[in-house]
Amino acid sequence: MSRPAPLTISFAMQPALLPRLFDEETMRRLATLGDLRTEVIDDLTAPAARRRLHTTDLLITGWGCPVIGPAVLASGRLQAVVHAAGTVKNHLSADFWASGVAVSSAADANAVPVAEYTVAQVLLANKELDAMRAAYRDERAGADWNERFPEAGNYRRTVGVVGASRIGRRVLSHLAAFDLELLLHDPHVDDATARELGARRVELDEIFLASDVVTLHAPDLPETRHLVDARRLALMRPNATLVNTARGGLVDTAALTEAVVAGRVRAVLDVTEPEILAADSPLYEHPGVVLTPHVAGSVGGELRRLGHTAAYEVESWVRTGRFRTPVHPETLAIMA
């Protein structure tokens, strides 16, 4: 009896990303799981790329993957997609989900650094470290820092988490180690689940009224667009901090800029709308803002975690025909 042919495994992503995600050891491991094609597909306008996809059984995708739609699925060959990053909404078309092709993502792995970044920024915001550092740098002299920053610190401060996503839950888990009051708003979470997560469930406006720091972990959906608008910013305590590591569209940038410039709130922004702010935006240099270029997620050596996770998923599919972290079509409407 002849042995079944090995699965053909291809990559579709930014070509420069491949060696950053997959080290030599991981590539060797993948090569034991099927016929591994290492030429990266990043453009479906080329006939050769389309031919490779039409003879691919399992596709490993990453940032920069072209949109996978009906033309790719026409051969009926593709069985599974493993995304070595978070959201799959940007490269799997709406038509894709009717095909029955199985999908997995490394969203859980990418949640790790986002949560770490968020927790660090929450704790530093409550400590008012940026303001202390600026004063010390400018004056280069001793001072009574307790007198100047009487509310600084994390003891019994209130942190509001918007969204019990995989990142939001991880943030809550980390913050539970500190002497903080944790509030949670998520329309899909009840009181009992919030308590299990170490938080008290409240309505969205109360998050903004009661919190010293509000951190956003909601998906970017039509109903969440500009969730943080001028009205909700006006609810925030004086000098409270808004942290956004989720999606730029959750925040009305014009309203936030006005509130920051007026000195009413502070902000930590890893994502903005637009993705790159205008060069003259006051948010770049304002002392009340920490602005970073969408780097809360996996960067540098953290990319290896995504590659390792993807390799584990390929192995699970080859050995069992199932994924450990599948993406279910019915959850797309509430996913980031």
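This is a predicted model: local features need pLDDT of at least 70, side-chain atom pairs count only at pLDDT 80 or more; totals for chains, interfaces and linings use all residues.
Residues are numbered from 1 along each chain as its sequence is written, and side-chain values use heavy atoms, with hydrogens and water left out. Local features need pLDDT of at least 70 and side-chain atom pairs count only at pLDDT 80 or more, while totals for chains, interfaces and linings use all residues.

**Sheet**
- Strand S4 (residues 80-83) runs parallel to S5, and 4 bridges join the two; strands count as paired if DSSP finds at least two bridges between them.
- Val82 has Ser104 in S5 as its bridge partner.
- Helices (H or I, at least four residues) and strands (E, at least two) are DSSP runs, numbered from the N terminus.

**Cavity**
- The whole structure holds 1 cavity of 30 Å³ or more; on a 1 Å grid over the protein atoms alone, a cavity is a set of points where a 1.4 Å probe fits but cannot get out.
- The largest cavity has a volume of about 50 Å³, a volume being the space filled by probe spheres set on the points, which are joined across faces, edges and corners.
- Its lining residues (an atom within 4 Å of a point) include Asn244, Val251, Leu269, Glu273 and Leu283.
- By class, this lining has 5 nonpolar, 4 polar and 1 charged residues; Ala, Val, Leu, Ile, Met, Phe, Trp, Tyr, Cys and Pro count as nonpolar, Asp, Glu, Lys and Arg as charged, and the others, Gly among them, as polar.

**Second largest pocket**
- The second largest pocket (an open set with protein on both sides within 12 Å along at least five of seven lines) has a volume of about 470 Å³.
- Of its 24 lining residues, Asp130, Ala131, Pro287, Gly288 and Val289 are the closest to its centre.
- Helix H5 (107-127), helix H6 (129-139), strand S11 (265-269) and strand S12 (289-291) each give two or more residues to this lining, and H6 gives the most, with 6 residues.
- The lining of this pocket has 13 nonpolar, 6 polar and 5 charged residues.
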